[in-house]
Amino acid sequence: MGNRRLLFLLGVVAVTYLLFQSILVPYGDRHGAWSTVPENYAPLHDEVSFVSLHSTTKYSTSWNPLTGNALEVSNSSLVAMVKEVHMPIVEDETRHTNWIKGMHNDAKRGLVSESKKFVDGFTLRANRNAIHSLAGKKVVGKNDRLELENFGSNKSFISDLAKESKINFSGKQLLKLKRGVSSIPQLVVHQNKNSREPERVGVSTSHSTTSSTNLTHLEISPRKNDSFALGNNTVVSAPMKKKMRCNMPPKSRTLIQEMNKILVRRRASARAMRPLWSSKRDLEILSARSEIEHAPIVTHDKELYAPLFRNLSMFKRSYELMVRTLKVYIYKDGDKPIFHQPILKGLYASEGWFMKLMEQNKQFVVKDPAKAHLFYMPFSSRMLEFSLYVRNSHDRTNLRRYLKDYTDQISAKYHYFNRTGGADHFLVACHDWAPYETRHHMEYCIKALCNADVTQGFKIGRDVSLPETYVRSVRDPQRDQGGRPPNQRPILAFFAGNMHGYLRPILLKHWKDKDPDMKIFGPMPHGVANKMNYIQHMKNSKYCICPKGYEVNSPRVVEAIFYECVPVIISDNFVPPFFEVLNWDAFSLILAEKDIPNLKHILLSVNEEQYLKLQLGVRKVQKHFFWHTKPLKYDLFHMTLHSIWYNRVFQIKENRKKDLL
């Protein structure tokens, strides 16, 4: 009798224990027997954490190990869908190739992987009841896809999840890992049909079944700075992927009229750093400024076309003083190919041609830095990008750091940079990234930039807008120049190009195939014949439309001048080349981006007499935009150097102590 009672009590205890266990599992006891997180598991990175989601027929609970909190959410108010999951199955340059091998059944542990190797900090764990279809794959390779779908019962929360989603483990579209760059998969979680929040995470799924309950785990390994909000209506909350700045309209707009006012204000007051001590060179520059400000009046000149200039008298006197006075020291520091190796062909040729002609020059260059008025830092922003940028990383910090180290080096080795904070130093760079690369550590230097964007730190009156010239022939940079006479240009306006940025699609939306007088196209097919077709269109057009691309600048401005077509610049915040000396109203039209719908009306409002003056201005200004293998007077090399000199003359501050070296 006593044995029966003992057995009965043991049976009650066993049943109670089993019931207790069955209650614990659905509500997320992460230490339970069926937890998918191994006891000996440790994340590879400090930032990796896990969020487990558990579901019953009516309720879902989640546990966050970072806070130790569990939240219970009604399934009626929680609709979540995992749209696509990418597992990083890639080859790392610094590690061996990782892959997920075929699955096999284990009587105790269900469906597990033969090799549970971590892939960049993530691993796959799956229960055999969680997967009904493996897409016929036994081995998942680099470009293969493993599809998991249709799991769970129709009555459970997991069924609702599976009906509307498909989970793909794909390595095909992943970014290739570079040293120091991690590849993170993506998880998309939906609160409802109108709410979509993509997030980069790693996911492993498992599913086990009891007599009345389905269990699902989503192990989410977030980035270090990501956060997850779990509440009544949200499973995972993460910010939308930030849209690139170059594909969005600017937050502020500075039009050409306001730029003119800024230039006048900054000419009236110098903004450069006051030198720590004076030098004879400073006094020579101050003397030159006085002569320029009191230049004799010039109304006509045999070599210069007066309407092209803001003030012909000041420009002519300043140019003469530059030729007679200016001395430049070029730093020998810096290794090739980033330093001292010019690129003379293609889109970034301007920085290369200036470097080549400056380093070969014997008139302006001096070997003794004590005799120099200006100091040239001869690096190529194009070669900097080519040499150091990790493709597809979207990370340019190492490029800026490289130039910072260079600046620190020359400031430690020489005392000239420190004397003015770099105000008498200059650089010439044509790559779009140059404003970012030179920010802070070269902030007070004179920057001659193709990307002359006032919203990106370009300072009117100090910095120089460098013309972006597309050079097709190194031996003959002026090849194919010229165009048809004004009365033999049947096309009113022409544009063809790639759909870079946000503005060009707007241009095509309003004018592509809308008017026979407006030849507005997208990208032309590649090939020599199409290049010639592009050039012929420019030579036969009255106006050439020059809209901004990813950045404010465009090589079409100089191309239009090259082919004697009046440029129509549509780019808010863009400072036109040599803005401090040239009068762009004499040979171009500069329109606001909002004027695109009225483009044809604006062009037709220019009468024949006005157009002929603009076209004459284009032909007269050509020589100021030409490169020559041996520099000529007033050519592009001399115009660039003059603008650097001119801005330094009007920005220099006199030292109060006047202690001469």
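Helices in this report are DSSP runs of type H or I with at least four residues, and they are numbered from the N terminus. The model is predicted. On that numbering, Asn-392 sits in the loop that runs between helix H7 (381-388) and helix H8 (397-413).

## Backbone exceptions in loops

Asn-392 is not a glycine, yet its phi is positive, at about 70°.

Pro-337 is placed in the loop between S12 and H6. The peptide bond joining Lys-336 to Pro-337 is cis, with omega about 5°. As background, most residues other than glycine have a negative phi, and most peptide bonds are trans.

## The five-stranded sheet

Five strands form an open sheet in the order S12-S13-S14-S15-S16, and the pairing is parallel. The edges are strand S12 (328-330) and strand S16 (464-465), each of which pairs on one side only. Helix H6 (residues 349-360) packs on this sheet and touches S12, strand S13 (374-376) and strand S14 (425-429). The direction of H6 makes about 135° with that of S14.

Pairing can be followed from strand to strand. S13 and S14 are joined in the parallel sense over 2 bridges, and Tyr-376 stands opposite Phe-426 of S14. Between S14 and S15 there are 4 bridges, again parallel; here Val-428 has Ala-448 in S15 as its bridge partner. Strand S15 (residues 446-449) pairs with S16 in the parallel sense over 2 bridges, and Ala-448 has Val-464 of S16 as its partner.

## Strand S14

How many of the residues of S14 are buried? The count is 5 of 5, so S14 is largely enclosed by the rest of the structure. His-425, Leu-427 and Ala-429 point to one side of the strand, while Phe-426 and Val-428 point the other way. The residues on both sides are buried.

## Nonpolar cores

The largest nonpolar core contains 121 residues, and Phe-354 and Leu-599 have the most contacts inside it. Helix H16 (residues 636-651) gives the most to this core, contributing 9 residues. Leaving aside residues up to four places away in sequence, Leu-599 touches Leu-507, Trp-511, Met-518, Ile-545, Val-568, Ile-570 and Leu-591.

Another core, of 12 residues, lies apart from the largest one. Its members include Ala-496, Ala-560, Phe-562 and Cys-565. In soluble globular proteins, nonpolar side chains tend to be buried together.

## The H4 and H5 pair

Helix H4 (residues 280-293) and helix H5 (residues 312-325) have axes that come within 9 Å and cross at roughly 155°. That angle makes H4 roughly antiparallel to H5, because angles over 145 degrees fall in that class. The crossing of H4 and H5 is right-handed. From H4, the contact uses Glu-284, Ala-288, Glu-291 and Ile-292. From H5, it uses Met-314, Arg-317, Ser-318, Leu-321, Arg-324 and Thr-325.

## Two loop histidines

His-300 is found in the loop between H4 and H5. Is His-300 buried or exposed? With 72% relative accessibility, His-300 counts as exposed, since the limit is over 50%. Its C-alpha atom is separated by 9.4 Å from that of Ser-313, which is 13 residues apart from His-300 along the chain.

His-624 occupies the loop between helix H15 (608-621) and H16. With a relative accessible area of 1%, His-624 is buried. Which residues does His-624 touch, not counting those up to four places away in sequence? They are Leu-304, Leu-308, Phe-309, Phe-578, Tyr-634, Asp-635, Leu-636 and Met-639. His-300 is exposed, whereas His-624 is buried.

Key. Residues numbered from 1 in each chain as written. Predicted model: local features only at pLDDT ≥ 70, side-chain atom pairs only at ≥ 80, totals over all residues. Heavy atoms only, no water. Pairing = 2+ DSSP bridges. Contact = heavy atoms within 4.5 Å. Axes fitted to C-alpha atoms, helices over the stretch in contact; angles between N-to-C directions. Core = buried A, V, L, I, M, F, W, Y, C linked by side-chain atoms within 4.5 Å. Buried < 20%, exposed > 50% of the residue type's maximum accessible area, 1.4 Å probe, protein only. Parallel < 35°, antiparallel > 145°, perpendicular 65-115°, else oblique. Left-handed = near helix turned anticlockwise from the far one by under 90°.
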